[in-house]
Amino acid sequence: MKLLVIGLGSMGKRRVRLLKEYDASVEIIGLDKQEKRRKETEELYSIKTYDNMDEIDFSEIDGTLLCSSPLTHAELILNLNSKGIYNIFTELNLSINLYDEIIKIEKEKKGILFLSSTLLYRKEIQYIKNIILNDKAKKNYNYHVGQYLPDWHPWENYNDFFIGQKETNGCREIMAIQLPWLVDIFGKVEEFHCFKDKITNLNIDYSDIYHIILKHKNGTMGSLQFDVVSREATTSLEIISENNHIKWNGIPEGLNVFNLNDKKMEKIETYNEVDRKNGYSKLIIEDMYLEEISTFIKSIKENKNYSKYSFEKDKEVLSLINQIEGE
């Protein structure tokens with residue numbers, strides 16, 4: 001199998017590393033316009049890279065991973081289709097531009113069109129989902145996710161990274177990462193209320209903190225705080241019902257569920273060991289990225305899409321985010 005990775009920033013390099021760890025027989029080539037990124041990737045992972053799509057023989061390519069800036073993905077999908085490439089993995093998108101065309105391609109099933117939603121592959125969330133789906137009682141949850149924007153990529157200026165731009169801002173990305181699994185577990189959103197503000201002196205032209213109240217169609221209510229203000233990277237989830245009480249602080253060792261028999265919180269182990277990468281918050285583990293990318297490879301090999309997410313679902317989530325930001 002020969003795969004092309006487009007975009008060799010932090011996420012592109014992560015995918016290359018995980019692909020090499022997952023299956024050394026997979027041949028990988030990279031594409032990026034920045035010479036610095038190409039050289040770094042070549043040195044780290046011993047792969048061949050290019051700066052121009054015209055230099056690549058697409059008849060040899062079995063699949064492509066889009067790890068470039070979110071606003072480039074839609075046009076790249078259409079461009080790759082025109083070159084006969086239909087097995088495409090794409091990182092999250094922050095715009096529904098061209099989505100109707102892409103959803104049409106998705107339904108045609110000419111290949112494996114695989115949209116990333118990494119948290120759906122995280123074992124703690126899968127464990128929580130199993131509890132929630134088997135709990136018929138009404139539920140309520142509180143959820144805070146935040147990290148100070150300059151700490152996202154401390155090796156580069158946040159204004160040089162897409163999270164610094166209004167259209168693809170950091171709070172929008174947090175929502176695009178978190179809402180898919182919340183909707184997957186608790187169901188579609190029926191109603192919301194939002195309060196937002198800018199409380200930092202960061203050089204950004206968007207709100208840096210959101211307080212959102214969601215009401216799901218099944219009656220579940222959620223209180224959310226998403227921000228790029230928290231100086232300590234924070235994930236704090238609490239779910240309550242008459243039958244369950246769940247707490248999670250965002251790390252594999254931090255999932256606790258109330259034991260109804262013992263009347264106390266019980267620590268739940270979902271991983272035997274975890275892979276963490278230097279330079280990232282302890283909340284970020286590599287295992288979920290590997291699970292996602294290995295699922296894409298399996299999908300290509302078996303010609304069956306095992307993705308947990310879709311562009312059709314993502315259109316609903318991004319449309320909700322548009323409404324939240326516009327309120």
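## Handedness and the α1–α2 pair

A crossing of two helices is right-handed if the near helix is turned clockwise from the far one by less than a right angle, and left-handed if it is turned anticlockwise. In this predicted model, the crossing of α1 and α2 is right-handed. Helix α1 covers residues 10-22 and helix α2 covers residues 35-45; their axes come within 11 Å and cross at roughly 20°. Because angles under 35 degrees count as roughly parallel, α1 and α2 are roughly parallel to each other.

On the α1 side, the contact is made by K13, V16, R17 and K20, and these meet E40, T41, L44 and Y45 of α2. Sorted by class, the residues of this contact comprise 4 charged, 3 nonpolar and 1 polar.

## Packing of α4 against α8

Helix α8 spans residues 311-326, and its axis comes within 9 Å of that of α4, with a crossing angle of roughly 155°. Angles over 145 degrees count as roughly antiparallel, and α4 and α8 are therefore roughly antiparallel to each other.

Helix α4 contributes Y99, D100, I102, I103, E106 and K107 to the contact, while α8 contributes F311, E312, D314, K315 and L318. The contact of α4 with α8 divides into 6 charged and 5 nonpolar residues, with no polar ones.

## Packing of α6 against α8

Helix α8 also packs with helix α6, which runs over residues 170-186; the angle is about 135° and the axes lie 10 Å apart. The two helices, α6 and α8, are therefore oblique to each other. Their crossing is right-handed.

From α6, the residues in contact are R172, M175, A176, L179 and P180; from α8, they are V317, L318, L320, I321, N322, I324 and E325. By class, this contact of α6 with α8 holds 9 nonpolar, 2 charged and 1 polar residues. Residue L318 of α8 takes part in the contact with α6 and also in the contact with α4.

The structure holds 1 cavity of 30 Å³ or more.

Key
Residues numbered from 1 in each chain as written. Predicted model: local features only at pLDDT ≥ 70, side-chain atom pairs only at ≥ 80, totals over all residues. Heavy atoms only, no water. Axes fitted to C-alpha atoms, helices over the stretch in contact; angles between N-to-C directions. Helix = DSSP H or I, 4+ residues; strand = E, 2+ residues; numbered from the N terminus. Parallel < 35°, antiparallel > 145°, perpendicular 65-115°, else oblique. Contact = heavy atoms within 4.5 Å. Nonpolar A, V, L, I, M, F, W, Y, C, P; charged D, E, K, R; others polar. 1 Å grid on protein atoms, 1.4 Å probe; cavity = no way out; pocket = protein on both sides within 12 Å on 5 of 7 lines; lining within 4 Å. Points joined across faces, edges and corners; volume = space filled by probe spheres on them.
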